[in-house]
Amino acid sequence: MGKSRARRFRRAPRAPAGPAQQRDGERGPEEEAAAELLEKLQHPSAEVREYACASISKLLQQKHVIPAFVQRDVVRCLGPLLMDPSLAVRETAAGALRNLSACGGFDVCDDMVTNDVMTPLVVLLKECSTGLDANQLSPKKCKGMNKNYIEDIANEAINLLWNICECNNTALCIFNKEGCLEAVLHYMKKFATNVDLAISVANCLQAVTEDNPDLLSSFNASAQQILETVMLSPESSMKHLLLRTLIAGTIWNIKDTIPPGSLGSTVNAILKIFSESLAIDAGETIIRMNEAEKNRLKLAVEAETEENMSDTTENCVLCEDDNMEEIPKGKLRRENDISDLLPSDKWELKEVTALLTAQQTALEIIVNMCCSEDPSDDEWEELSSSDESDLFMENSYNEGSGLLLSPLCLSDEVNSAFLNNLIPKKILEKTAFPNSVALDICTHNPSWKPLIKKLNAVQCRALTCLQSILLVSDVDCLGGASALQSLAQHLSQLIFSKTELPTDTEFLEAITSALRALLQTMASKNISQCMTPEQLLALCEAGIQSNNASVRVNVVSILGISGSVLAKGQDTAETLKMIGKFLLEVAMKESSLVVAGEALDALFDVFADGEEAERAALQIKLLPTLKEFQPVFRMRMRKEGKGQYSTDQLCVLDNVKMNLRRFIAYQETLGKTPT
């Protein structure tokens, strides 16, 4: 039976925009709004152009509106405004294009590159980089602080660049050719005073350095020094932790530029940052930050009440003297009031969001560190291949550390750093369900509610991380049989601790992938499994209903692994019958050939050998059923194979087809063997 494949995390793709609805002979409100606003972009008044850009930016966050703007060449209309004489227009134009790239998806980003958005964007980036130190401030104040237009324009432009380069290879080639790296790195020097800009730059850097060997030569000693300075910065805020995590990911992407003698210390520094991030309890942080927000808002209300009362008194006194100018209400300020120094809006929520993003990013990078650099890993499809045993490698074990694992695709020096930073222990902690008190806070606070999705994402990434570590470690390094059994009990508890089995697709894929990898490892070393057949069947019956093919592949594989173990035992024929019937039904009725092939593969393993398996096979009429199904499977492969499945998947399916023929022949010889 096939081994589960370690997966690499890619930067999350943007969701594609929905198709435009055609109307016969009439223009809907979206078309009318688009036409009117795009026309205002040519207005001689900078304020009108700024208003139009801001309005377009807001509308482009609604996916159903995007086609109306794309059809009217919004990119060619907004692109020139990136070099508008008005800095405010430049910023709002860049913001509008940023929203278009983020919400429009791959096709829209391709269209933006085709319409030459990169030409003015590159000019803008370089011009802002040159003027970054000019400290060009707006005469207006924004929320009590002078607005730095250069940095704000740069932030919008960097986010636009990040989105486009992530979706379009031509944009990435332009980034390389035009020497954008130098300008982008110059922005990073502002990390101490503008962490939001630095985080945008770090996100962009992580995207453009992934699988981009042509850029590596640009990372000279000076460039690496900038990254190292940021990565080793002592700032303790969650935003700075996120920044360091993103920079650590960038350094991992360019690890081939690091001298071999320095690789161990560099990776140790990377893992220390990940360890720092994963060590923080997100649930407790949410509770603490939510309380801090309540206290801050309470103090703000009290201060405003006190200020208003003081205003009333002062105004009464001032009115007694007509020669004194009345101070406008609300302008008095108490001495030592530091409210203007605090982040202007929901800083506690932003800190928690930064922490969860840092933890998710760290886990995704660790997954990639555990995986091979095989280009075929680009796809996240779970493949059933019988020749993936090279994923199981040897590594070193730190005595007494328990379940402390290390990825063997790295050197011994790096493995040691992985263990010394207690990364696996912290990953295991993150696989638990989020803190119930924190969840309750988020559930009842609309502005905090989006954190629930982030909490769940961290748990799922931790489970995927666990799967990857299982795939690159041997049993001794996993802590031995007892540690694996404890881990199996932990995963079982995650699945069965609630009254109903989980239905969330992302969680199901993560938990079944981890369980599949664990059961493979345990079965390969004849370690007894802790899940009962009833639990396994319940999980598989729930998982096979999932819309996600990877979940269905996982549960079928899990059942095959467990069935092959049961086939070696005594008095298991009845359970094997249930497993066999389930797998046969999946093989014959499953819409995905990949899942059907995995079900057949599992059947071959379960009924490969043993008296209990032979008895069960006879009772469920396995041989005649497979003989009848064989031409159906062949026909499906001929009709559905080409165009629907990848080359790797077709190779696996060809292997299954060949094994089906061999398995039928083997079953026929069993029937002829004299008893």
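Buried here means under 20% relative accessible area. Keep that cut-off in mind, because F663, at 6% relative accessibility, counts as buried by it. The model on screen is predicted.

**The whole chain**

Start with a cartoon view. The chain has 28 helices and two strands. Of its 675 residues, 52% count as buried. Now think about how the chain folds back on itself. Take contacts between residues at least 6 apart in sequence: 77% of these join residues at least 24 apart. The accessible area comes to about 31800 Å², and carbon and sulfur atoms account for 51% of that.

Select L78, M188, L243, I247 and F274. These residues have the most contacts inside the largest nonpolar core, which has 126 residues. Next, colour residues 347-370. This is helix 15, which gives the most to this core, with 13 residues.

Zoom in on L78. Set aside its neighbours within four places in sequence. What is L78 in contact with? The partners are L41, C53, I56, A93, A96 and L97.

Then move to L470, L626, Y645 and L653. They are among the 72 residues of a second, separate core.

**Helix 9, an enclosed helix**

Select residues 180-188. Eight of the nine residues of this helix are buried, so helix 9 is largely enclosed by the rest of the structure. Show side chains for C180, L181, A183, V184, L185, H186, Y187 and M188, the buried residues of helix 9. M188 is also one of the residues with the most contacts inside the largest core.

Which helices do the buried residues of helix 9 pack against? Colour these in turn:

- helix 6 (118-130), helix 7 (149-167) and helix 8 (169-177)
- helix 10 (195-208), helix 11 (221-231) and helix 12 (238-253)

C180 is buried, with a relative accessible area of 2%. The closest cysteine sulfur belongs to C165, and the two sulfurs are 7.4 Å apart, too far for a bond.

Now select C109 and C167. C109 is buried too, at 0% relative accessible area. Its sulfur is 3.9 Å from that of C167, the closest cysteine sulfur. How many disulfides does a search of the whole structure find? The search finds zero.

Select residues 87-114, which form helix 5. L87 belongs to this helix. L87 is buried, at 19% relative accessible area. The C-alpha atoms of L87 and I150 are separated by 7.9 Å, although the residues are 63 apart along the chain.

Go on to D116, in the loop between helix 5 and helix 6. Check the backbone there. Phi of D116 is near 65°, a positive value in a residue other than glycine. At 38% relative accessibility, D116 counts as partly exposed.

**Aromatic rings**

The structure holds four aromatic pairs. Select F433 and F507 to see one of them. The ring centres are 5.6 Å apart and the planes are at 35°, so the pair is tilted. F433 lies in the loop between helix 17 (423-430) and helix 18 (436-443), while F507 is in helix 21 (residues 505-524), so the pair ties together parts 74 residues apart in sequence. F433 is partly exposed, at 31% relative accessibility. F507 is buried, at 6%.

The charged end of K255 sits over the ring of W252, 4.2 Å from its centre.

Now select F604, F663 and Y666. Ring pairs link these residues into a cluster. The rings of F604 and F663 have their centres 5.1 Å apart and their planes at 35°, so this pair is tilted. F604 is in helix 25 (residues 593-606) and F663 in helix 28 (residues 647-672), so the pair links parts of the chain 59 residues apart. F604 is buried, at 8% relative accessibility. F663 is buried as well, at 6%.

**Last stop: K621**

Finish at K621, in the loop between helix 26 (611-619) and helix 27 (622-644). Phi of K621 is near 55°, a positive value in a residue other than glycine. Is K621 buried or exposed? K621 is exposed, with a relative accessible area of 57%.

Terms used: Residues are numbered from 1 along each chain as its sequence is written. This is a predicted model: local features need pLDDT of at least 70, side-chain atom pairs count only at pLDDT 80 or more; totals for chains, interfaces and linings use all residues. Side-chain values use heavy atoms; hydrogens and water are left out. A nonpolar core is a set of buried Ala, Val, Leu, Ile, Met, Phe, Trp, Tyr and Cys residues joined through side-chain atoms within 4.5 Å. Buried means under 20% relative accessible area, exposed over 50%, partly exposed in between (1.4 Å probe, protein chains only). Helices (H or I, at least four residues) and strands (E, at least two) are DSSP runs, numbered from the N terminus. Contact means heavy atoms within 4.5 Å. A disulfide is a pair of cysteine sulfur atoms within 2.5 Å. Rings of Phe, Tyr and Trp (its six-membered ring) pair if their centres lie within 6.5 Å; planes under 30 degrees apart count as stacked, over 60 as edge-to-face and the rest as tilted. A charge sits over a ring if NZ of Lys or CZ of Arg is within 6 Å of the ring centre and within 35 degrees of the ring normal. Accessible areas come from the Shrake-Rupley method with a 1.4 Å probe; for residues, only the protein chains shown count as cover.
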